[in-house]
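Hi,

Here is the structure I said I would pass on.

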Amino acid sequence: MKEFLETYNQNQDDIEYFLQESIKNLGNLSNYEEKGFKHLYNLFPSLELVYIIDKNSKEQISDNIGRNKSDSMGKGKNRSHLISKLHFTENNIAFSKPYISSATRSSCVTVSVKEGDKIYFLDFRIEILLEKLSLLELNKSFHGLTKAFYIVAGFTLMALSFFTIIFSLYDFVTYLFAKTNLNLEMIFKPIIALTLGIAIFDLAKTILEQEVFFKSYSKNSNVETKMLTKFLITIIIALSIEALIVVFKIAIDNYDHMIHAFYLIAGIAVILISLTVFIYFTKKKTK
């Protein structure tokens, strides 16, 4: 919902202008009252509720007229608290701030139109309104397909991270109780596997958070930067441990190949410098 509100606030003037001009072109809304505003619902897919308030008594004089059904729960109630917040333009149209509708439980914005002794209240659902104005990409079929894909991919990555951690522990315990001399490589390899398991799990967690459980409809560079940074830092740690093992092995067995360890450490240094430059320019851009 936060992203809906941010997108709405960024384009508020254009959205209000669109709604105002569209409603003005309809003529008097009283012409559509007899047929339950069916024509309005056909024109506005984002419209989800219409009701009428008497300007003088400030009481609701109509049912809550929905797209497919109506109810009389609001009829006869005093709506002075709503009218007091209205600031009508010269066209007798007022816009509310975005809010959660008590009738539909969805985020919406209300357009109020004054005609004679009546005030017509039209509730527009924000996410559908943004989608129809091409301000938000929200296709239910495609969203369902991508969500299913991310669920499978995310939980598969989590399963692989658990398998990596369990296998590393099993491998270490096997070496520990086997009739084999314990060496540094046997100790460091499980550490590398655990580090990679953490990196894979963190990637899976981020995918599930951003694409499944807390779906992000807009591109958030801060989230993407944070995910990439954490993943690369974990990889750098794993490579550094591997480089340390290589140094120990070469120093013990074949000192002449120490240049290969240097190449590995130099490569890690290049990745670290690149990550530092990336973080620097990213922070500089967001300031």
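Predicted model: local features only at pLDDT ≥ 70, side-chain atom pairs only at ≥ 80, totals over all residues.

Residues are numbered from 1 along each chain as its sequence is written, and side-chain values use heavy atoms, with hydrogens and water left out.

E6 and E7 run antiparallel and are joined by 8 bridges (two strands pair if DSSP finds at least two bridges between them). Together they form a hairpin with 2 residues between the strands, and glycine 116 in the turn has a positive phi of about 60°. Strands and helices here are DSSP runs numbered from the N terminus: E with at least two residues for strands, H or I with at least four for helices.

How many of the 9 residues of strand E6 are buried? The count is 8, so the strand (residues 107-115) is largely enclosed by the rest of the structure. Buried means under 20% relative accessible area, exposed means over 50%, and partly exposed is in between (1.4 Å probe, protein chains only).

Threonine 110 counts as buried because its relative accessibility is 4%. Its side chain makes a polar contact of 2.6 Å with the side chain of aspartate 123. By polar contact I mean a pair of N or O atoms within 3.5 Å; within protein, one must be able to donate a hydrogen and the other to accept it, and residues adjacent in sequence count only if both atoms are side-chain atoms. Leaving aside neighbours within four places in sequence, threonine 110 is in contact with residues including Ala94, Tyr99, Phe121 and Leu122 (contact means heavy atoms within 4.5 Å).

**Salt bridges**

Side chains of opposite charge can pair when their charged atoms come close. A search of the whole structure turns up 3 salt bridges, taking a salt bridge as a side-chain nitrogen of Lys or Arg within 4 Å of a carboxyl oxygen of Asp or Glu.

- Glutamate 21 and lysine 24 meet at 3.6 Å, N to O. Both are in helix H2 (residues 12-26), 3 residues apart, about one turn of the helix. Glutamate 21 is partly exposed at 22% relative accessibility, and lysine 24 is partly exposed at 41%.
- Lysine 118 and glutamate 33 meet at 3.4 Å, N to O. This pair links distant parts of the chain, 85 residues apart: lysine 118 is in strand E7 (residues 118-125), and glutamate 33 is in the loop between H2 and helix H3 (38-43). Lysine 118 is partly exposed at 28%, as is glutamate 33 at 26%.
- Arginine 125 pairs with glutamate 127, with the closest N and O atoms 2.8 Å apart. Arginine 125 is partly exposed at 30%, whereas glutamate 127 is buried at 10%.

**On the surface**

Which residues make the nonpolar surface patch of about 430 Å²? They are Ile273, Val277, Tyr280 and Phe281. Patches are made of residues with over 30% relative accessible area and no salt bridge; like charges are joined within 9 Å, and nonpolar side chains (Val, Leu, Ile, Met, Phe, Trp, Tyr) within 5 Å. Valine 277 belongs to helix H9 (residues 258-286) and is partly exposed, at 40% relative accessible area.

Elsewhere, asparagine 56 is in the loop between strand E1 (47-54) and strand E2 (64-66), and counts as exposed at 57%.

**The chain as a whole**

The protein chain has 9 helices and 7 strands. Of its 287 residues, 34% count as buried. Its accessible surface comes to about 18200 Å², with 60% belonging to carbon and sulfur atoms; areas come from the Shrake-Rupley method with a 1.4 Å probe, and for residues only the protein chains shown count as cover.

Cheers
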